[in-house]
There are 2 protein chains.
Amino acid sequence: MIPGRHEAGETVGDVGEFALIDQMLDGLVDDGRVTVRPGDDAAAFVTEGDTVVTTDVLNEGVHFRTDWSDAEDIGARAVAQNLADLEAMGADVLGVVAAVSVPTTTDAAWVRALSAGMRTECARAGATLLGGDLSSSPHISIAVTALGDLRGRAPVRRGGARPGDVVAVKGRLGWSAAGLFVLTRGFKSPRAVVSAYRVPEVPYGEGRRAAEAGATSMIDVSDGLLADLGHIAEQSGVGIRISSEALDVPDPLQAVAATTGSSPLRFVLTGGEDHALVGTFDQVDVPSDWAIIGRVAEGGGVLVDDEEWDPEEGTGYVHFQR
Amino acid sequence: MIPGRHEAGETVGDVGEFALIDQMLDGLVDDGRVTVRPGDDAAAFVTEGDTVVTTDVLNEGVHFRTDWSDAEDIGARAVAQNLADLEAMGADVLGVVAAVSVPTTTDAAWVRALSAGMRTECARAGATLLGGDLSSSPHISIAVTALGDLRGRAPVRRGGARPGDVVAVKGRLGWSAAGLFVLTRGFKSPRAVVSAYRVPEVPYGEGRRAAEAGATSMIDVSDGLLADLGHIAEQSGVGIRISSEALDVPDPLQAVAATTGSSPLRFVLTGGEDHALVGTFDQVDVPSDWAIIGRVAEGGGVLVDDEEWDPEEGTGYVHFQR
């Protein structure tokens, strides 16, 4: 039996789709921007600037396992990874809609906990659960679409980095990957990295700060620092040079590396799904508390200490099952 | 082997997630409203009025079967059912984002055809494919989120029907259900109803017309005419009285009913997923070409010829597998 599912209580089938959707969407935090609340054919909201939209799906057995993450964590993570994409554009987060597919035999309490996790993460970010759909399917799938408001700011694109800029990061790197690494080996600790895998700590509000400070390009680290900086390098037509000395390798990552004989720097450079923000700036524009980790150069590619990172060490985040 | 999948050509795994997403999103129809095209962390667009958002998912084996519908049909239908929800608010359609999950062994051509169907349906409606995600999963799941623009109009809600209004409909009723009915019995004809099941014919632009004409409430028929009018009756606190004489029972539905011994009116009253628009209006406001089928009364519930519709005949659309 899968923990947290198929238990003795009411199932999704017992409660019914419409009733459960209503329960999922209950508790809208309305700050005046929502003009049509959930419960009609569609929701509606007001923006001050361009509307920003992104969508991302989490599938059971591919992106999460119900024995490694509880429903609240999965809901929170599904929201967090989408809101991080809005932060990376320099947008204010506004709300999310979620299309949830589960077997009808799933415990209704599991679905309620999932939506509670979504609401918690929305609240952390200053966003709102705007709408949703609940359908039956053979396995659990959670598709979230996030909506933001540029509020008159220009979007921060991937293609704006200029030689001479510095590269700066805000947020965690490698924690989620280290957490996944220990879980796949049957451990549940260090708890700090396992928690980071379950729900990433997105630096909410820092995307707007970076945009206001004049970031020339920005991305959130979902595939790994090197892979995501590769997107900036390619779309900007520049090279990016990272200094490993500038990278923080925190204690929990060192502990995981020491126990397993792996390289702690590998987690930092190639671990995805922490959704740190990394951007390029004129040196004088870097927001306080952002760490400068490298610079933008002529040419192309992403080098670490002026060398290509050893591909044996991994070149990007690979989901645990494909 | 499932037709149209797992064939000899390249698979999704061969082509890779990023390359296929790029191919899926190629061909954006840009009418100046899109300020950030797909390919960055998020897309961005401009609205003139409130932004309207809705999300809906299609799951393999629950909402579609790949031996009954080809990939283009499935993509078109996933878009159509979401855009219909925007029409039902009286909004102009703007764009969609799609989170597509498929097994990595799926033929890449199947995914390309799916997105081609999405683009075709977007073009029919005057919308654009704004972004997407492609992930692996054990079965096919297509979650679409649609975005619209009220352009300064007030949204047409479900709760605004007033006693004395008339009920009017635009679009097909019962065709999709009749198509599903014959498919489940192993037939492929009448082709008109099978086609209607595969891709509904949403009356694009009619939602705006109804809003501009002064519709007091509106909904799209996704669960069946009686079930969806039930939502209007409940949220408006009124009764709705339908006249069966006013309902068109077209030839293909009569043919299906005659062959199978079923009631053609049952398809019209309870068949879902054609996404006709049904609204309530002051009698003088009904747009031309909308058919008046009943009236709004004091009280509650939905009656047909002043009686409750026999529940033996079915009271709403039931998906073919739960």
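A salt bridge is here a side-chain nitrogen of Lys or Arg within 4 Å of a carboxyl oxygen of Asp or Glu, and by that rule the interface of chain B and chain A in this predicted model holds 6 salt bridges.

**View 1. Salt bridges and polar contacts between chain B and chain A.** One salt bridge of the predicted model joins B:Asp41 to A:Arg158, with 3.2 Å between the closest N and O atoms. Residue pairs in polar contact between chain B and chain A, both residues being at pLDDT 80 or more, number 27. Strand β3 of chain B, residues 51–59, provides 8 residues, the largest share of the side of chain B that touches chain A. By class, that side of chain B comprises 26 nonpolar, 20 polar and 12 charged residues.

**View 2. The extent of the interface and the relation of the two chains.** Contact involves 58 residues of chain B and 58 residues of chain A, and the area buried between the two chains is about 4,200 Å², with carbon and sulfur atoms giving 52% of that area. Chain B is superposed on chain A by a rotation of 180° with 0.0 Å of shift along the axis, at an RMSD of 0.0 Å, which is the relation of a two-fold axis. Because 100% of the interface residues of chain B are also interface residues in chain A, the copies meet through the same surface.

**View 3. Domain 1 and domain 2 within chain A.** The domain assignment divides chain A into domain 1, covering 12–149, and domain 2, covering 166–313, and the C-alpha centres of these two domains of chain A lie 26 Å apart. In this pairing, 20 residues of domain 1 of chain A are in contact with 22 residues of domain 2 of chain A. The area buried between domain 1 and domain 2 of chain A is about 1,800 Å², to which carbon and sulfur atoms contribute 55%. On the side of domain 1 of chain A, the residues that lose the most area to domain 2 of chain A are A:Trp68, A:Arg77 and A:Glu87, which together account for 40% of what that side buries.

**View 4. Polar and charged links between the domains of chain A.** The interface of domain 1 and domain 2 of chain A has 2 salt bridges, including that between A:Arg77 and A:Glu273, where the closest N and O atoms are 2.8 Å apart. Between these domains of chain A there are 7 residue pairs in polar contact, both residues at pLDDT 80 or more. On the side of domain 1 of chain A that touches domain 2 of chain A, helices α3 (71–87) and α4 (108–125) of chain A each supply at least two residues, and α3(A) gives the largest share, 9 residues. Sorted by class, that side of domain 1 of chain A has 8 nonpolar, 4 polar and 8 charged residues.

**View 5. Backbone details in loops and end segments.** In chain A, the peptide bond from A:Ser189 to A:Pro190 is cis, with omega near 0°, and A:Pro190 lies in the loop between α5 (175–184) and α6 (191–198) of chain A. In chain B, the peptide bond from B:Ser189 to B:Pro190 is likewise cis, with omega near 0°, and B:Pro190 is in the loop that lies between α5 (175–184) and α6 (191–198) of chain B. A:Asp305, a residue other than glycine, has a positive phi near 50°, and A:Asp305 is found in the segment after β12 (302–304) of chain A.

Conventions:
Residues are numbered from 1 along each chain as its sequence is written. Chains are lettered from A and ligands numbered from 1 in the order in which they are written. This is a predicted model: local features need pLDDT of at least 70, side-chain atom pairs count only at pLDDT 80 or more; totals for chains, interfaces and linings use all residues. Side-chain values use heavy atoms; hydrogens and water are left out. Copies are superposed by least squares on the C-alpha atoms of residues with pLDDT of at least 70 in both. Contact means heavy atoms within 4.5 Å. Domain bounds come from an automatic or database domain assignment. Buried area is the accessible area (1.4 Å probe) that two parts lose on being put together, summed over both. A polar contact is a pair of N or O atoms within 3.5 Å; within protein, one must be able to donate a hydrogen and the other to accept it, and residues adjacent in sequence count only if both atoms are side-chain atoms. Helices (H or I, at least four residues) and strands (E, at least two) are DSSP runs, numbered from the N terminus. Ala, Val, Leu, Ile, Met, Phe, Trp, Tyr, Cys and Pro count as nonpolar, Asp, Glu, Lys and Arg as charged, and the others, Gly among them, as polar.
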